[in-house]
Amino acid sequence: MAFNPRDAVDAARDIVANAVERSADIVENAGHIIKGDIAGGTGDIVHNSIEIATYAVERTKEVFTGEPADE
């Protein structure tokens with residue numbers, strides 16, 4: 001599959017939209033830490049951060065290799 005700049009821009013938009021949505025969850029989790037649930041809030045922040053990174057890697061891979069195969 002040839003690289004398509006339009007697909008790259010669309011993927012970048014998707015990645016940013018996903019990160020913004022997840023960052024709202026991270027802010028909420030920071031509130032849990034402030035209220036005293038340090039372990040739970042920190043764990044959720046790490047979980048959301050990993051999900052942001054995973055989504056970004058998957059979308060970038062799709063741009064360069066084509067649509068993902070059914071797993």
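Predicted model: local features only at pLDDT ≥ 70, side-chain atom pairs only at ≥ 80, totals over all residues.
The protein chain contains two helices and zero strands. Its C-alpha trace extends over about 50 × 25 × 10 Å along the principal axes. The radius of gyration of the protein chain is 16 Å, whereas a compact globule of 71 residues would have a value near 11 Å. Of the 71 residues, 13% count as buried. The accessible surface of the protein chain amounts to about 5,200 Å², and carbon and sulfur atoms account for 61% of that area.

Contacts and charges were also examined. Where contacts in the protein chain join residues at least 6 apart in sequence, 62% of them link residues at least 24 apart. The protein chain carries 6 positive and 14 negative charges. The mean position of the positive charges lies 6 Å from that of the negative charges.

Asn18 was considered individually. This residue belongs to helix H1, which comprises residues 5-34. The relative accessibility of Asn18 is 13%; because buried means under 20% relative accessible area, Asn18 counts as buried. When residues up to four places away in sequence are not counted, Asn18 touches Glu51, Ile52 and Tyr55. Asn18 is thus a buried residue of helix H1 with contacts to Glu51, Ile52 and Tyr55.

Terms used:
Residues numbered from 1 in each chain as written. Heavy atoms only, no water. Helix = DSSP H or I, 4+ residues; strand = E, 2+ residues; numbered from the N terminus. Rg over C-alpha atoms; globule rule 2.2 N^0.38 Å. Buried < 20%, exposed > 50% of the residue type's maximum accessible area, 1.4 Å probe, protein only. Contact = heavy atoms within 4.5 Å. Areas by Shrake-Rupley, 256 points an atom, 1.4 Å probe, with all protein chains shown as cover. Lys, Arg positive; Asp, Glu negative; His and termini not counted. Charge placed at Lys NZ, Arg CZ, Asp CG, Glu CD.
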